[in-house]
Amino acid sequence: MNRKYRKRKNYNRTIFLCNCILGTALVIVMAVHWLPDKARELKIRMGVETENKNSKEKKAQTENEQKDKAEVKQPPDENPNIRVVLMTNGYKGIAHSKVELSSDSGLIITYGDGTSKEGKALNVEPKDNMFKKGKIQIRAKKGGVTLNSLKRGYGTPSYEGTVELYREKKGIVIINELPVESYLCRVVPSEMSASYELEALKAQAVCARSYAIRQMESYGYPKYKAHVNDSTDYQVYGNSKPAESAKTAVYETAGETVQYNGKTVPTYYYSTSCGTTTNVEAWGTKPSKKNGYLKAVEVKDEAGDYEKELPWYRWSAEVSESEMTESLKKYTKKKIGKIKDVKITKQGPGDVVLQLKAVGEKGSVTIETENKIRTALAGNYKIQRQDGSETNCGALLPSGFFTIKKKGKSFVIEGGGFGHGIGMSQNGANEMAKQGKNYKEILKLFYQGVTIE
């Protein structure tokens with residue numbers, strides 16, 4: 001029995017060993033086929049995971065880029081049209097003797113009861129038959145409409161939007177209608193040098209927008225439903241070449257205005273301060289809650305006045321008795337004889353001159369408000385700026401911030417700044433921007449108690 005048992009046991013062991021060998025061989029064979037496939041699968045999976053990771057990183061980068069782009073604002077949805085009267089050459093009037101227009105992309109001309117035609121160019125005179133049924137409307141198929149009969153500071157101007165022509169007794173009136181943000185892109189470089197600091201240009205853009213929005217509340221030219229003209233009567237528009245810096249300033253402040261007590265307010269500005277501004281008393285207006293944001297402020301920091309190195313910061317002139325007599329006679333129309341003395345009899349905030357008394361051999365005359373005083377004292381004489389350069393006085397004394405003293409047979413006028421002195425000094429804004437101030441800080445210095453929204 002034991003021998004049989006041992007033989008069976010040895011047989012079973014042999015069978016087990018054979019099965020183990022066969023099983024191991026089978027595993028090896030399967031592994032040879034399975035492992036490469038699994039490696040490929042793993043490689044593919046890892047590749048997908050890497051791709052997904054890269055995709056997520058790329059998506060995050062794209063989102064960040066979009067976020068950065070979003071910070072550069074585009075014209076807002078609320079971008080109403082403004083209607084601008086285009087004045088004649090030299091801004092002498094609004095009636096043009098003829099109008100010549102063109103566009104490389106082609107013009108679409110509409111007139112009368114909706115009749116339209118196309119062409120590359122159009123020349124219009126007051127007697128044109130198209131006027132028989134009313135206005136003529138012109139727009140370019142692409143780009144702007146060039147007015148070849150008009151000259152501006154940089155040459156022949158081109159205008160976005162539509163151009164409308166109206167026949168009047170004295171000639172043709174031209175209206176340009178376009179979105180206000182597009183309008184501002186041509187106001188900013190016409191009112192401030194496009195080479196100025198971006199933050200100064202942004203301050204100018206907000207000022208120009210605030211002013212325009214207020215002007216759009218009514219019509220400066222009701223007959224044509226036009227809000228403003230393109231001259232210094234309102235804001236200069238289209239007199240300088242378009243500039244990317246100005247466009248950036250407008251877009252980065254898109255829709256923003258200066259607000260006081262929750263309302264958009266008129267934001268007056270001028271060229272250069274003498275280190276201080278003044279308030280509306282300079283114009284003969286009483287200070288009130290409505291104009292409380294226009295206060296006399298010092299335009300300086302710890303280092304002193306921002307504009308102290310600029311040519312117009314200080315200026316002087318020596319005017320002969322005969323020249324002074326001629327200037328005052330021309331302005332006042334008063335026969336007071338040869339001028340013997342000129343006295344400042346009243347000053348306002350910032351020491352702006354509010355009242356002036358001229359004493360002549362046959363009488364005296366009193367002149368009030370800064371603009372009238374500056375006009376009365378203007379004449380054909382030289383103004384010397386603090387850098388030694390000279391210029392003709394022209395139609396206005398540089399500013400209402402001055403003193404005047406008699407010296408022999410002449411009058412010596414010493415003053416500072418250029419412009420009316422109310423609101424923002426444009427050169428002051430640029431100097432502040434150079435010192436690291438942003439546009440909101442600039443605006444909040446010149447306009448007290450305001451918000452930028």
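Predicted model: local features only at pLDDT ≥ 70, side-chain atom pairs only at ≥ 80, totals over all residues.
Visitor: How many cavities of 30 Å³ or more does a search of the whole structure find?

Guide: Rolling a probe the size of a water molecule over the atoms shows where empty space is left. Here the search finds 1 cavity of 30 Å³ or more, and the volume of the largest cavity is about 30 Å³.

Visitor: Which residues line the largest cavity?

Guide: Among them are Tyr270, Cys274, Phe401 and Phe418. By class, the lining has 4 nonpolar, 8 polar and no charged residues.

Visitor: What span should helix H3 have?

Guide: Helix H3 covers residues 198-215, and at 1.5 Å a residue its 18 residues should span 26 Å; the end C-alpha atoms are 25 Å apart, which agrees. Because 13 of the 18 residues are buried, H3 is largely enclosed by the rest of the structure.

Visitor: How many aromatic pairs are there?

Guide: A pair of aromatic rings is described by the distance of the centres and the angle of the planes. The count here is 7 aromatic pairs. One of them, tyrosine 159 with tyrosine 237, is tilted, at 5.8 Å centre to centre and 50 degrees between the planes. Tyrosine 159 lies in strand E6 and tyrosine 237 in the loop between strand E9 and helix H4, 78 residues apart.

Visitor: Are tyrosine 159 and tyrosine 237 buried or exposed?

Guide: Both tyrosine 159 and tyrosine 237 are buried. Ring pairs link Tyr159, Tyr183 and Tyr237 into a cluster.

Visitor: Which charged end sits over the ring of tyrosine 159?

Guide: That of arginine 186, 5.9 Å from the ring centre. Arginine 314 lies over the face of tyrosine 313, at 3.9 Å from the ring centre.

How values were computed
Residues numbered from 1 in each chain as written. Heavy atoms only, no water. 1 Å grid on protein atoms, 1.4 Å probe; cavity = no way out; pocket = protein on both sides within 12 Å on 5 of 7 lines; lining within 4 Å. Points joined across faces, edges and corners; volume = space filled by probe spheres on them. Nonpolar A, V, L, I, M, F, W, Y, C, P; charged D, E, K, R; others polar. Helix = DSSP H or I, 4+ residues; strand = E, 2+ residues; numbered from the N terminus. Expected span 1.5 Å × (residues − 1). Buried < 20%, exposed > 50% of the residue type's maximum accessible area, 1.4 Å probe, protein only. Phe/Tyr/Trp six-rings, centres within 6.5 Å; stacked < 30°, edge-to-face > 60°. Lys NZ or Arg CZ within 6 Å of the ring centre and 35° of its normal.
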